[in-house]
Amino acid sequence: MKAAVFYGPKQLLKIEEVPTPEAGAGEIRVKVAACGLCHTDLHYIDSGVPTFKKPPLILGHEISGTVDQIGEGVTQFKVGDRVLLPAVMSCGTCYNCRTGRENICMNMKMPGNDMDGGYAEYICAPAKDAFHLPEEIPLVEGSIIADAITTPFHAIKNRAQVKPGDTVVIMGCGGVGLNCVQVAAAAGASVIAVDLLPQKLEWAKQFGAVATINPKEVDNVAKAVRKLTGGGADIAIECIGNPKTMEIAFDCLRAGGRMTIVGYSEHAMNLNASRLMYREMEVIGSLGCRPVDYPKCIELARTGKIRVKEMVTRRFTLEEINEGFDYLRSGEGIRGVIAFE
């Protein structure tokens, strides 16, 4: 089969012929329809963040496709079924899994990190982790549900605990940020979107933001948010992964507010400890999504309450994958995918 192989940081991915995997006991083999291009991959390629499986490695963790082969003992799928594979696969037996926090499983396996991922024609995965994808959801565009939809859902509903009537400021309107906008809006929040690019702010309005702020057009983002909200937002979501924007997000909050960090950064941030204590502020991390919430996200997409098709603004072939990553770096679109059909 053909695959895009990652050999190390600062290198282009190489299109190569590699052995086609065979489904083992309890596994399905999926003929990949699409795999989303994600900034997580750029952390490996551009920034040298190490993968758990040492290169050579096939990246990619937003995977949709059709079941092509059934392993021994698998009864819940048949050949030809449309499926979505989650971005993180859990063990089901560690303490975190047993207490309902499978998204931070102590033994998690991530396609394109711990194991070969979806920038390939085929991938094998445990059947217990796969989800049926309804016919109403386009197979190619549906791939982004695996991370770009489910990660914001978990951040908004479970970690930030957004409720109807909350004011929510969202820092960064990339793929994850825009989906945070539409999930928060669907939850009944008044959303303020913050980004440097006018086009992304326009998209944020289309996906439910009631107001937008371009930091280049105001003296102080936090003051602008406090003016719009009458004292500060109830909740701030940071989707960029920059300590400076995390600090700005924290400053946007009213007393008793909650900041949820979705963006990844290996660097430290500086927060005012006295304000954190005296004003009973909350700072919460958010990673991925629990398996129990995937069916909810799929249903929201099936019924159109969460828009998926509009999120995919470019398709690339496998041979165009390096061009696809350039598109991701440029920030021009919302989401690109590698499409095999």
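The following dialogue examines selected features of this predicted model.

Student: On what conventions do the values rest, and which pLDDT do side-chain atom pairs need?
Tutor: Residues are numbered from 1 along each chain as its sequence is written, and side-chain values use heavy atoms, with hydrogens and water left out. Because this is a predicted model, totals for chains, interfaces and linings use all residues, local features need pLDDT of at least 70, and side-chain atom pairs count only at pLDDT 80 or more.

Student: Which residues does the UniProt domain annotation cover, and how far apart are the end C-alpha atoms of that range?
Tutor: The unreviewed UniProt entry records "domain: Enoyl reductase (ER)" for residues 8–338; positions follow the numbering used here, feature names are shortened, and annotations may be inferred rather than shown by experiment. Over residues 8–338 the chain is 26% helix and 23% strand, where helices (H or I, at least four residues) and strands (E, at least two) are DSSP runs numbered from the N terminus. The end C-alpha atoms of this range are separated by 20 Å.

Student: Is E62 buried or exposed, and what is its relative accessible area?
Tutor: E62 lies in the loop between β4 (57–58) and β5 (63–70). Buried means under 20% relative accessible area, exposed over 50%, and partly exposed in between (1.4 Å probe, protein chains only). E62 is therefore buried, its relative accessible area being 0%.

Student: Which residue forms a polar contact of 2.6 Å with the side chain of E62?
Tutor: A polar contact is a pair of N or O atoms within 3.5 Å; within protein, one must be able to donate a hydrogen and the other to accept it, and residues adjacent in sequence count only if both atoms are side-chain atoms. The side chain of E62 reaches the backbone nitrogen of A148 at 3.0 Å. The contact of 2.6 Å joins the side chain of E62 to that of R335.

Student: What is the geometry of the pair formed by F316 and Y327?
Tutor: F316 lies in strand β15 (residues 312–316) and Y327 in helix α10, so the pair ties together parts eleven residues apart in sequence. F316 and Y327 are both buried. Their ring centres are 5.6 Å apart and their planes at 55°, so the pair is tilted.

Student: What is the strand order of the open sheet of three strands?
Tutor: Two strands pair if DSSP finds at least two bridges between them. Strand β1 (residues 2–6) is joined to β4 by two bridges, running antiparallel, and F6 stands opposite L57 in β4. The edge strands, each pairing on one side only, are β2 (14–17) and β4. The sheet, with antiparallel pairing, has the order β2-β1-β4.

Student: Where does K10 lie, and what is its phi?
Tutor: Most residues other than glycine have a negative phi. K10 is found in the loop between β1 and β2 and counts as exposed because its relative accessibility is 69%. Although K10 is not a glycine, its phi is positive, about 65°.

Definitions and conventions. Rings of Phe, Tyr and Trp (its six-membered ring) pair if their centres lie within 6.5 Å; planes under 30 degrees apart count as stacked, over 60 as edge-to-face and the rest as tilted.
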